[in-house]
Amino acid sequence: MKVRAFQQVDVFTDTAFRGNPLAVVLDGSGLSDTQMQAFAGWTQLSETTFVLPPTPEGAADGADYRVRIFTPGMELPFAGHPTLGTAHAWLNAGGQPRQNGQLVQECGVGLVTLKSLEGRWAFAAPPLQRETPDADLLADVLAALGLQADEVLAAQNLNNGPHWLGLCLADVETVLALQPDHAALKRLNTKVGVAARRAAPATGLIRRANREARAFAQERSSLAQDPTDLEVRAFAAPVGIAEDPVTGSLNASLAQWLMAEGHMPNAYSARQGTALGRAGQVFLSRDAQGQVWVGGDVIGCISGQVML
């Protein structure tokens with residue numbers, strides 16, 4: 001075992017403990033896949049990252065560092081909040097980017113560019129593949145969520161490294177009141193991202209199955225005044241996370257889909273984590289070349305060492 005520099009940061013928030021925490025081991029050299037996976041399982045955070053030198057190929061293409069990303073149950077080729085959080089930790093530990101105002105991260109999907117936009121870092125959303133979901137699978141997922149088909153405005157399979165079934169619902173209240181059958185979603189091996197555009201207080205169905213749902217209904221006027229434009233939830237039982245607080249990869253793919261289909265404008269902000277008592281905020285924008293950028297604040301919470 002070796003003493004390694006370690007940081008824990010909170011991503012997509014400017015207030016500690018209100019976003020999505022990330023564990024960052026700043027020197028992953030010499031660790032096996034098994035050791036990395038075991039440590040990620042021990043942290044029980046949605047993701048843990050390990051920073052490594054770039055591969056020769058990555059370095060030749062401009063990579064500043066390489067990162068491996070683990071959930072408690074598996075390794076991911078890419079994820080959004082680990083990308084922003086690792087960049088913050090690497091810079092905070094003295095990392096020097098090759099180009100001022102830009103970082104290049106090497107990960108499982110290849111190279112991901114980050115740049116500073118309006119005072120916060122943002123990553124370039126990886127290319128998205130999307131398609132209409134299988135009707136039978138969609139019906140099973142809706143049953144696991146307790147939704148009726150007519151409550152879904154649009155649905156797409158989304159793949160930008162991680163795979164998500166994206167669902168666009170009619171109102172925020174329905175999104176917040178969902179009580180998924182996580183065991184069913186795990187059996188279906190399907191991660192689900194659910195979103196609704198924020199608008200005036202909705203007149204649609206409001207579930208009142210428990211105290212939390214009733215509380216959301218009572219707070220609908222304050223929810224309508226929220227400055228963000230989209231409410232998002234992410235259910236990821238297949239990778240060991242019932243609900244992820246704030247999810248960069250999902251918000252990236254949702255933005256690419258919803259902007260392309262005219263459901264959302266070329267610049268908006270999304271809130272995620274409300275149902276978990278968090279207040280994550282993600283900033284999405286599409287530039288003139290069609291590239292979607294995903295930004296958010298990051299704040300440090302723990303800095304020290306880990307024996308690993």
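Reader: How much space lies in the second largest pocket, and which residues line the second largest pocket?

Author: Rolling a probe the size of a water molecule over the atoms shows where empty space is left. On a 1 Å grid over the protein atoms alone, a pocket is an open set of points with protein on both sides within 12 Å along at least five of seven lines, a cavity is a set of points where a 1.4 Å probe fits but cannot get out, and lining residues have an atom within 4 Å of a point. Grid points are joined across faces, edges and corners, and a volume is the space filled by probe spheres set on the points. In this predicted model, the second largest pocket holds about 190 Å³ of space, and its lining includes Leu117, Arg120, Tyr268, Phe283 and Trp293. At least two lining residues come from each of strand E8 (120-124), strand E16 (280-286) and strand E17 (292-295), where strands (E, at least two residues) and helices (H or I, at least four) are DSSP runs numbered from the N terminus.

Reader: What classes of residue make up the lining of the second largest pocket?

Author: Ala, Val, Leu, Ile, Met, Phe, Trp, Tyr, Cys and Pro count as nonpolar, Asp, Glu, Lys and Arg as charged, and the others, Gly among them, as polar. On that scheme the lining has seven nonpolar, two polar and two charged residues.

Reader: What is the volume of the largest pocket, and which residues are closest to its centre?

Author: The largest pocket has a volume of about 410 Å³, and of the 20 residues that line it, Leu158, Pro162, His163, Trp164 and Asn189 are the closest to its centre. E9, strand E10 (152-159) and strand E11 (163-169) are the elements that give two or more residues to this lining, which by class has 10 nonpolar, seven polar and three charged residues.

Reader: How many cavities of 30 Å³ or more does a search of the whole structure find?

Author: The search finds one, and about 110 Å³ of space lies in the largest cavity. Its lining has 15 residues, with Glu47, Leu76, Trp164, Lys191 and Val239 nearest the centre.

Reader: How many salt bridges are counted, and where does the one between aspartate 27 and lysine 2 lie?

Author: A salt bridge is a side-chain nitrogen of Lys or Arg within 4 Å of a carboxyl oxygen of Asp or Glu, and the count by this rule is nine. Aspartate 27 and lysine 2 form one of them, at 3.1 Å from N to O; because aspartate 27 lies in the loop between strand E2 (20-25) and helix H1 (33-43) and lysine 2 in the segment before strand E1 (3-11), the pair ties together parts that are 25 residues apart in sequence.

Technical notes
Residues numbered from 1 in each chain as written. Predicted model: local features only at pLDDT ≥ 70, side-chain atom pairs only at ≥ 80, totals over all residues. Heavy atoms only, no water.
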